[in-house]
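Visitor: I would like to learn how to read a few features of a structure. Can we go through them one by one?

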Amino acid sequence: MRRMRSLRAALTAAATALAALGLTAISGSPAQAATPLPPHVFAPYFESWTGESPAALSAQSGAKHLTMAFLQTATKGSCTAYWNGDTSLPIAASSFGTDIKTIQGRGGDVIPSFGGYTADTTGTEIADSCTNVDQVAAVYQKVVTTYDVPRLDMDIEVDALDNTAGIDRRNKAIKKLQDWATANGRKLEISYTLPTTTRGLAASGLAVLKNAVSNGTKVDVVNLMTFDYYDNQPHDMAQDTKTAAQGLYDQLAQLYPGKTPAQLWGMIGITEMPGVDDFGPAETFTLANARTVYDWAVAKGINMISFWALQRDNGGCPGGGARDNCSGIEQNTWDFTRVFAPFTNGGTVPSNDFSLTAAPASATVTAGGSVSSTVKTAVTTGTAETVNLTVSGAPTGVTATLSPTSVTAGGTSTLTVNTTSAAVNGTYQLVVNGASPSAAHSATFSLTVTGGSGNQCTAAPWSSGAIYTGGQQVSHKGHTWKAKWWTTGEEPGTTGQWGVWQDLGAC
């Protein structure tokens, strides 16, 4: 995708990179039995560098499947991949393993994605960085077996599209991975995410697929980035999606003459950017566009709908430009997800589903006191199922309990929050999770503690109109924050771990 991590974050990761090499060859490690993806799946991208929980956002949004962005090396020339090139996030169960298992346990899955704009422009995309095909293949295998996933995605754009040696290495490594999966009786899919024109792939993207064919590499899905056209033309973004996909269909028909029309459409995926894309307001994907694309996608029988990215699916910055954490248009949170989510079920709404809310959704308590909230469930589709409830996020000195911990959809539970004098002043987000056999949702209860053992905030309150420089501190929502560099208008607590504000803790 064209959205990128902060350059500071990329430089920091590069400066602290380890010299360790990846696996040297495809090994004989056992293949697990991953559950195949549905033939039609909605899997929006999740920005894994934000520090947020993919399982939590999956539950909150209703997106059961996620495309996890991105895997890359820490430095050019390395053969070791990390999440976001961050050496503290290796390919290991300790990095998102619990979240991924939780998502899989709910009937969903994740698609790890290699590459992305930052990797593709810095030479840290694994096949551009590492010149040993066997080591690249071993990294792919490690991701598959570590997380027990049924598909890997290759996000190839900008400079990586011109690296012919990297393109050839990548396809050769994928072929080795596919041979390993076949030998172990494991179903494994590969998708290529590529930029597009409004009429199909440009020559550079088509060359990636031609090289795959020449290497005997199977490409299961070609996922078009139907945004950021940068052609200074007027755009109906829904119509452009249709013409881009039709152009790809015609290209695939030439590459794979033995496939039926249904099989060719079944190789196509699309990735939208909700709201305003990087080019600006002239390329705005609206909710009306989303509904049009959804109906078209169901009719054509394409493989996947995605968008960049889940964290943008909210109206937190209406009238603004493209940002990582909001769409730039007027909308409710998760509006785009709600349009596209039924696609995973072949165009039909899930038979049994429920909603989950907390009322009130926030409260202030003096340390030593207690507050309560009513957790309400309701049947949204189908019939009522048992909903199991849990609560997390309580800090030291605070306990949160639910009674009862299991209800039939339509019932209520009481959230009781007790505090002691040891509770530290600040605002905390308690998350109530509800899971039924068919669905999972969550609700957030915001708890503000006052009069506790923690120090009162002494820094000046943050102001949206003020200008802050590196090192300056502010107080906001019960926490002290330090600016890493010059900023204005960026709210503390919304910029993620790579953003401008460093959380110094509750005050």
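Guide: This is a predicted model. Start with the loop between strand E8 and helix H9, where Asn232 is found. Asp228 is found in that loop between E8 (221-225) and H9 (237-255).

Visitor: What phi does Asn232 have?

Guide: Asn232 has a positive phi of about 55°, although it is not a glycine. Asp228 also reads as positive, at about 55°, and is not a glycine either.

Visitor: Is Asp228 buried or exposed?

Guide: Compare the relative accessible area with the cut-offs: buried means under 20%, exposed over 50%. Asp228 has 4%, so it is buried. Asn232 has 62%, so it is exposed.

Visitor: Next, peptide bonds. Which residue is joined to Phe70 by a cis peptide bond?

Guide: Look at omega. Ala69 is joined to Phe70 by a cis bond, with omega about -5°. Phe70 is part of strand E3, residues 65-73. There is a cis bond from Ala359 to Pro360 too, with omega near 0°. Pro360 sits in the loop between strand E13 (353-359) and E14.

Visitor: Which residues does Gly115 touch?

Guide: Leave out residues up to four places away in sequence. Gly115 then touches Phe70, Leu71, Gln72, Asp120, Glu125 and Asp155. Gly115 itself lies in strand E5, residues 109-115.

Visitor: Why is Gly115 classed as buried?

Guide: Use the cut-off of under 20% again. Gly115 has a relative accessible area of 1%, so it is buried. For a distance along this part of the chain, take Thr98. Gly115 and Thr98 are 17 residues apart in the chain, and their C-alpha atoms are separated by 23 Å.

Visitor: Now helix packing. At what angle do H6 and H7 pack?

Guide: Read the angle together with the axis separation. H6 (residues 133-147) and H7 (residues 164-183) pack at about 50°, and their axes are 8 Å apart. That angle makes H6 oblique to H7. Their crossing is right-handed.

Visitor: Which residues of H6 meet H7?

Guide: From H6 come Val133, Asp134, Val136, Ala137, Tyr140, Gln141, Val144 and Thr145. From H7 come Arg169, Arg170, Lys172, Ala173, Ile174, Lys176, Leu177 and Trp180. Sorted by class, this H6 contact with H7 holds nine nonpolar, two polar and five charged residues.

Visitor: How many bridges pair E23 with E24?

Guide: Strand E23 (residues 473-476) pairs with E24 in the antiparallel sense over four bridges. Ser475 stands opposite Thr480 in E24. Gln473 has Lys482 in E24 as its bridge partner. The two strands form a hairpin with two residues between them. Lys477 is in the turn, with a positive phi of about 55°.

Visitor: What about the pairing of E24 with E26?

Guide: E24 pairs with E26 (residues 501-506) over four bridges, in the antiparallel sense. His479 stands opposite Ala506 in E26.

Visitor: Why is E24 called largely enclosed?

Guide: Count its buried residues. Four of the five residues of E24 (residues 479-483) are buried, so the rest of the structure largely encloses this strand.

Visitor: How should I think about the side chains along a strand?

Guide: In a regular strand, side chains alternate between the two faces of the sheet.

Visitor: What order and pairing does the open sheet of five strands have?

Guide: The order is E14-E21-E20-E16-E18, and the pairing is mixed. The edge strands are E14 (362-366) and E18 (406-408), each pairing on one side only. On average, neighbouring strands of this sheet are turned by 30° against each other, direction ignored.

Visitor: In what sense do E16 and E20 pair?

Guide: E16 (residues 386-392) and E20 (residues 426-435) pair in the antiparallel sense, over five bridges. Within E20, Val431 is the bridge partner of Ser392.

Note on methods:
Residues numbered from 1 in each chain as written. Predicted model: local features only at pLDDT ≥ 70, side-chain atom pairs only at ≥ 80, totals over all residues. Heavy atoms only, no water. Axes fitted to C-alpha atoms, helices over the stretch in contact; angles between N-to-C directions. Parallel < 35°, antiparallel > 145°, perpendicular 65-115°, else oblique. Left-handed = near helix turned anticlockwise from the far one by under 90°. Contact = heavy atoms within 4.5 Å. Nonpolar A, V, L, I, M, F, W, Y, C, P; charged D, E, K, R; others polar. Buried < 20%, exposed > 50% of the residue type's maximum accessible area, 1.4 Å probe, protein only. Pairing = 2+ DSSP bridges.
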